[in-house]
Amino acid sequence: MIFYSYTEALVGASSPATVKVISFFWIFLAMMWSAFAVVRHADCLAVSLGEPYGTLILTLSVIGIEVSLIIAIMLTGASNDALARDTMLAVLNIVLNGMVGLTLVLGGLKHGEQPFNTQGARSFLSVLIPLATISLILPRYTISTEDPSLSTAQQVAFALIIVALYGVFLATQNIRHSSFFKEPSPYSGIALPFLLGDDQSPQKGQGGAHSHHPNLEVRSNLYHASFLLLTMMPIILLSKKFAILVDSAITKWSLPAAMGGILVALLVLTPEGLGSFQAALKNQLQRSVNICLGSALATIGLTVPAVLLVAGLLDIHIVLGVKNTDMLLLILTLVMSLITFSGNRTNVLHGSVHLVLFIVYFVLIFLP
């Protein structure tokens with residue numbers, strides 16, 4: 001209400017730089033707090049409704065936040081054609097290098113080698129690699145447009161293909177082969193549900209939905225559904241004001257254009273990142289793998305089609321094809337992810353390699 005009542009004074013072109021900086025952190029923290037609340041209520045619904053509905057609610061909530069932020073920033077100012085691409089790259093690098101790297105380092109330092117279900121990790125990567133290639137690399141080489149973008153027909157076709165493949169993955173994850181994404185058995189190497197049942201585990205604290213969320217206070221479905229929508233509203237309503245400040249800062253201080261995508265990615269991924277770190281410290285690496293690889297895949301599988309759809313409706317030009325250095329780093333990241341999750345255990349070395357790639361990503365943003 002304050003930002004809508006005093007827009008010009010707080011975020012307008014005539015407002016002092018100090019006021020804009022304070023407004024930026026004020027909005028950023030408010031949106032971050034709301035994002036944590038959205039994830040909390042989605043987790044409560046996941047506990048109450050079970051799978052696959054819980055995963056779908058959480059995924060759609062996070063993607064809704066991401067798409068609203070991307071569209072708001074793209075509609076603000078000029079030269080935001082590549083924001084969706086920059087956000088996708090930021091998400092993939094933050095998740096596959098930053099989150100995965102820190103998760104494996106923290107877990108490795110505390111527990112040494114940590115087991116995970118190889119079939120689940122490979123399932124994520126088998127879908128993520130082609131979708132990332134179709135969304136971010138292939139537009140560089142199409143000839144229907146003069147720049148690394150897609151024609152209208154290509155946007156429709158690619159969006160349908162991406163959604164269809166992601167739908168097949170969701171069916172595999174939640175229905176047909178849900179055992180691929182469960183904690184592995186230390187005895188036989190197969191998924192626990194075949195040995196102990198879905199709500200049991202040989203390790204303390206790894207069984208059932210509540211063991212992953214011991215601090216959740218689950219109430220009625222109506223309560224959590226209502227507050228999930230209410231806590232999303234500040235993010236959506238403030239996204240326009242946030243976009244004005246981001247565009248102003250990039251222009252005034254000559255910051256890299258990719259900073260807009262990085263800020264969107266940080267807002268969306270911080271709650272899930274903390275969940276991944278906590279799971280690794282509790283020696284629940286499979287949950288960390290599901291969070292990290294699931295976040296990356298959902299961004300490509302749902303955000304790209306949603307952004308293409310909204311951009312088509314609002315007649316917004318989108319550039320998806322990555323630059324040469326970004327393409328090389330993306331390919332290297334996907335290859336390292338395949339190597340890291342090719343075995344059935346991880347250690348500190350795997351995490352350190354991913355963190356190095358994460359640092360290289362940020363260096364290239366400021367020193368291209």
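**Exercises on burial, contacts and helix geometry**

L150 is located in the loop between helix 6 (118-137) and helix 7 (152-176); helices (H or I, at least four residues) are DSSP runs numbered from the N terminus, as are strands (E, at least two). The model is predicted: local features need pLDDT of at least 70, side-chain atom pairs count only at pLDDT 80 or more, and totals for chains, interfaces and linings use all residues. Residues are numbered from 1 along each chain as its sequence is written, and side-chain values use heavy atoms, with hydrogens and water left out.

**Exercise 1.** Determine whether L150 is buried or exposed, and list its contacts beyond four places in sequence.

*Solution.* Step one: buried means under 20% relative accessible area, exposed over 50%, and partly exposed in between (1.4 Å probe, protein chains only). L150 counts as buried because its relative accessibility is 7%. Step two: contact means heavy atoms within 4.5 Å. With neighbours within four places in sequence set aside, L150 is in contact with P139, T142, T145, Q155, F158 and L320. Step three: R140 lies 10 residues from L150 along the chain, and their C-alpha atoms are separated by 9.2 Å.

**Exercise 2.** Carry out the analysis of step one and step two for A13.

*Solution.* Step one: A13 belongs to the loop between helix 2 (7-11) and helix 3 (17-49). Its relative accessibility is 74%, so A13 counts as exposed. Step two: apart from neighbours within four places in sequence, A13 is in contact with E8 and K20. Step three: between A13 and S248, 235 residues apart in sequence, the C-alpha to C-alpha distance is 8.1 Å.

**Exercise 3.** State how many helices and strands the protein chain has and what share of its residues is buried.

*Solution.* Step one: the protein chain has 14 helices and 2 strands. Step two: buried residues account for 52% of its 368 residues.
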